[in-house]
Amino acid sequence: MPQSVIMLGGGIIGLSCAFEAALRGYRVIVLEAGNFGGQASGAAAGMLAPYSENTDQPDAFFRLCLQSLNLYKPWVEKVEAYSGMSTDWVRSGSLNVFRHEADLFPLWSRIRWHNEWGAKAELVEGAALRELEPGLSHEITAALYCPEESHIYAPGLVAALETACRKLGVKLYDYAGELLDLAFHEASGVTVRMAGIPAISADRIVICSGAWSGALERWLNISLPIHPIRGQICSYESMPDDLRHMIFSSQAYWVNKPMGRIVCGASEDVAGFDSSVTDRGIERLIRASERWLPHLTDKNTAHRWAGLRPATMDGLPLIGSVEGKPSAIMASGHYRNGILLSPVTAMLACDLLDGRTESSLITAFSPNRFTALRSV
Ligand SMILES: Cc1cc2nc3c(=O)[nH]c(=O)nc-3n(C[C@H](O)[C@H](O)[C@H](O)COP(=O)(O)OP(=O)(O)OC[C@H]3O[C@@H](n4cnc5c(N)ncnc54)[C@H](O)[C@@H]3O)c2cc1C
């Protein structure tokens, strides 16, 4: 049985895996090139919305997302108990809003299969919709209401996970610098060399380096087509009643945070590893806000920021053991849903550490699936 494990990356995925592994009795080390949660995880809107994010069919990805939503409440309670910090988890429910009657036809099959999977979704129109969410534009004729979806303050969850990990004795190294070498030992085990710290060895390594995970191809000897997709996002000052639900439209989404900010996101730009904010990106969000939530018209944005989502070639995460490298597990490529998927990813990665065979839940997310394509 392995006793020690390195998490390579200190975003939400690395810290969640570290927390779960420490609870299961492993000696855990987190190596973070920069600061904990300083990349995609600190930029996220924190929506936990498996139904709104999966509109077509109950495929393996939907089931993974739903399993994670179902784990969230007890997971957050554990993180809060160990850290003594709040994560602002709110089950607000969501409204997917529409302007045209023609948009409503595909909704019936969606409502049917969502409800088979516990969504309790319903179509709301007219006065009932205005009562539910008074601030919506009158152009909106109907909405799909899903009461089960929730949100969390992502930077708060990251901070709470970091504190919880410290309390459990996890060794956390931030600003560890560039990865110089990953040496797998013949029998088992791994040694990691990074520019800013002495070399560190452990029995296992979990790769949770977000959009940067593709750089590990040379050491893992598998194909890892992961690329960054920039998300630009902004916020407005708000009161609790300004927006009661998460709102999803065809152009943007909005979520009202308990600390008094409506967060509006997000662009999907291909800009390499550039995480800067552009006027063009934010102006598109401002125009959408004015159109769908008129009370935001003429309000200044309070903050503007951006992050790099880790996207794979097929849009699905990479969770599983690395072929040919028995000491390595991948937990990367969570693209738009890494905050939602963090509890289930931590469970699955730690089940692999424990030596349990891969659950049917993750067959579709094998990190080796692109290597097979390369050799065709
Ligand atoms: C604008 C925006 C909005 C989003 N909204 C949502 C949302 O509402 N709900 C949701 O579920 N998801 C959302 N996401 C997606 C979510 O943020 C990501 O899927 C998630 O944060 C990925 O987590 P991660 O830990 O894999 O990556 P990151 O948070 O990027 O963490 C990876 C870490 O690894 C470090 N690293 C990289 N290379 C190395 C190395 N070689 N050695 C050591 N460390 C390394 C990096 O410095 C980084 O800190 C959003 C993303 C963005 C950008």
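Predicted model: local features only at pLDDT ≥ 70, side-chain atom pairs only at ≥ 80, totals over all residues.
Me: Which backbone atoms of Arg336 and Gly338 lie by the ligand, and at what distance?
Reply: For Arg336, a backbone N or O atom is 2.8 Å from a ligand nitrogen atom. For Gly338, a polar backbone atom is 2.9 Å from an oxygen atom of the ligand.

Me: How much of the ligand does the protein bury?
Reply: The ligand taken alone exposes 1,000 Å², and the protein buries 96% of that.

Me: Which elements give two or more residues to the shell around the ligand?
Reply: They are helices H1 (12–23), H2 (40–43) and H10 (338–353), with strands E13 (226–237) and E17 (303–312). Of the 36 residues around the ligand, the nearest are Glu32, Ser41, Met47, Tyr335 and Leu340. By class, the shell has 20 nonpolar, 13 polar and three charged residues.

Me: Why is the ligand said to lie between domain 1 and domain 2?
Reply: Domain 1 (4–49 + 155–226 + 314–374) and domain 2 (89–149 + 228–312) both give residues to the shell around the ligand, so the ligand lies between them.

Me: How do you know that domain 1 and domain 2 are in contact?
Reply: Contact means heavy atoms within 4.5 Å. By that cut-off, 22 residues of domain 1 are in contact with 21 residues of domain 2. The two domains bury about 1,800 Å² between them, with 64% of it on carbon and sulfur atoms. Ala45, Met47 and Tyr335 supply 34% of the area that domain 1 buries against domain 2, more than any other three residues. The domain centres, taken over C-alpha atoms, are 30 Å apart.

Me: What makes Lys120 worth a remark about phi?
Reply: Most residues other than glycine have a negative phi. Phi of Lys120 is positive, near 55°. Lys120 is in the loop between helix H5 (107–116) and strand E5 (122–125).

Me: Where is there a cis peptide bond?
Reply: The bond from Gly265 to Ala266 is cis, with omega near -20°. Most peptide bonds are trans. Ala266 lies in the loop between strand E16 (261–265) and helix H9 (279–292).

Key
Residues numbered from 1 in each chain as written. Heavy atoms only, no water. Near = heavy atom within 4 Å. Polar contact = N/O pair within 3.5 Å; in protein donor to acceptor, adjacent residues only side chain to side chain. Areas by Shrake-Rupley, 256 points an atom, 1.4 Å probe, with all protein chains shown as cover. Helix = DSSP H or I, 4+ residues; strand = E, 2+ residues; numbered from the N terminus. Nonpolar A, V, L, I, M, F, W, Y, C, P; charged D, E, K, R; others polar. Domains from an automatic or database assignment. Buried area = accessible area lost by both parts, 1.4 Å probe.
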